[in-house]
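These are my notebook entries on a single structure. I set down what I looked up, topic by topic.

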Amino acid sequence: MTTTKIAFIGAGSVVFTQGLLADLFAFPDLQDIHVALHDIDAERLATAHGAARHIADRRPLRGGAAPRVTAHGERREALAGADFVINIVQVGMRESTRTDFDVPARYGLRQTIGDTLGIGGIFRALRTFPLLKSLGEDIAEVCPDAWLLNYTNPMAMNIHYLTRATGLTRVVGLCHSVYWTMRDLSALLNVPYEEVTYLAAGVNHQAWMLRLEHNGTDLYPRLDALIAHDPQLRRRVRVDMYRRLGHYPTETSEHSSEYVPWYLGHDSEIERLRLPVGAYLGIVDENVAEYERTRDALASGAPLSVEATAEYAPQIIHSITTGTPRTVYGNVPNHGLIDNLPATGTVEVPCLVDALGVQPTRIGSLPAQCAALNRGYLSMNELVVRAALEDDPRSVRQAAMMDPATAAALPVERIWDLCDDMVRAHAGLLQPSLRATLGH
């Protein structure tokens, strides 16, 4: 049997790496695999390696070979001969994320998560693009047939840039928002998740539940009744958007509030919808604390508590390797998949996965109001990607001007000033052509 090699790029995101490995190692027919871990942080890489060995050593033995786990400080060594590449890199880590919040806050601009659109999303993308380009070039040289499974945000911008800048075609972006939205809705509606049939499509973090059924019966009327009788449900952004747009969005209220101009700019809406401004900074700090607990547990020989994640990457690897068909949701270039969204954009659609690879599903047209919102999202994405591809710092400012939440909060001169300050703060992580400050 040929060994399947899986390279983890950014494996120092230890907690996420552990969950993915727990899922991978749980497949009895994925015994003979080679997991190659890479990170530029030596301590985090060593911690990831120790955690991976811990998980591998404690998996049930079902016959066959045990998984092989190696650690690599050099990326091309980890990639050599890989069948799958999982990208979970966060360029700049906690310090850059804090900058993404602190600098805009001085302008009065509110963010909750800051990783998809908005000023935070723009600059997270711009500091990630150089990594994506060099990673793509390495893949093209040392493992050209590998599937690149990307988890790094901003998802849609990163996939758009990757496919344009590198020419790679075996690329899919993975996010758990559709899955967990359906899990949450199933619990809310008191219907077993396994018995629900659903169809979602749109863009990452702003896709739409187009169908939601149980035994052939539409579940939306039941959801409407629950909302009508529960005033606390009506204090969620995603519920508010559903009531006005007619289709339930597939991301949390904290995320969803940032992609539209209606909520974060108004004190009354923040209070009505209980929006936690700056919430992501607490999540980042907890992620660091959890990493440190894992590092310290390994050092002391204490047991690690690792839970399965139900993430898509292990499922894709299993399906392609064994030919087992299944459906996942993926972020892919819109090559005729959604008619009323830009052909150059990245869309989120169901994908069949089997031995032939990841095969996206054609959706047709979205409801007009949903497509209208998604088109604004993708237009802003296009400008950010263009800035990097064409070495055009003006496109960075134009993207910020077109971003709904930013445009709703600041006049245009302040937007350009904010971009200059963000460029100064992140200059060392941006490609040289985008380090210019432009003034008004």
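Which residues lie nearest the centre of the second largest pocket? I found Asp39, Ile40, Asp41, Gln90 and Met93 there, among the 22 residues of its lining. I note that this is a predicted model, in which local features need pLDDT of at least 70, side-chain atom pairs count only at pLDDT 80 or more, and totals for chains, interfaces and linings use all residues. Residues are numbered from 1 along each chain as its sequence is written, and side-chain values use heavy atoms, with hydrogens and water left out.

Entry on the pocket. On a 1 Å grid over the protein atoms alone, a pocket is an open set of points with protein on both sides within 12 Å along at least five of seven lines, a cavity is a set where a 1.4 Å probe fits but cannot get out, and lining residues have an atom within 4 Å of a point. I recorded a volume of about 460 Å³ for the second largest pocket, volume being the space filled by probe spheres set on the points, which are joined across faces, edges and corners. Helix 4 (93-106) gives the most to its lining, with three residues.

Entry on strand 1. I looked up residues 4-9 and found six of the six buried, so strand 1 is largely enclosed by the rest of the structure. Buried means under 20% relative accessible area, with a 1.4 Å probe and protein chains only. Thr4, Ile6 and Phe8 point one way from the strand, and Lys5, Ala7 and Ile9 the other way. Strand 1 pairs with strand 2 (residues 33-38) in the parallel sense over six bridges; pairing requires at least two DSSP bridges. Phe8 has Leu37 as its bridge partner in strand 2. I also noted a parallel pairing of strand 1 with strand 4 (residues 84-87) over four bridges, where Ala7 stands opposite Val85.

Entry on the cavity. I counted one cavity of 30 Å³ or more. The largest cavity has a volume of about 60 Å³, and its lining includes Arg110, Glu258 and Asp403. Helix 5 (118-142) and helix 16 (404-409) each supply at least two residues of that lining.

Entry on helix 7. The buried residues of helix 7 include Tyr179, Met182 and Leu189. Asn190 follows helix 7, and its phi is positive, near 60 degrees.

Notes:
Buried < 20%, exposed > 50% of the residue type's maximum accessible area, 1.4 Å probe, protein only.
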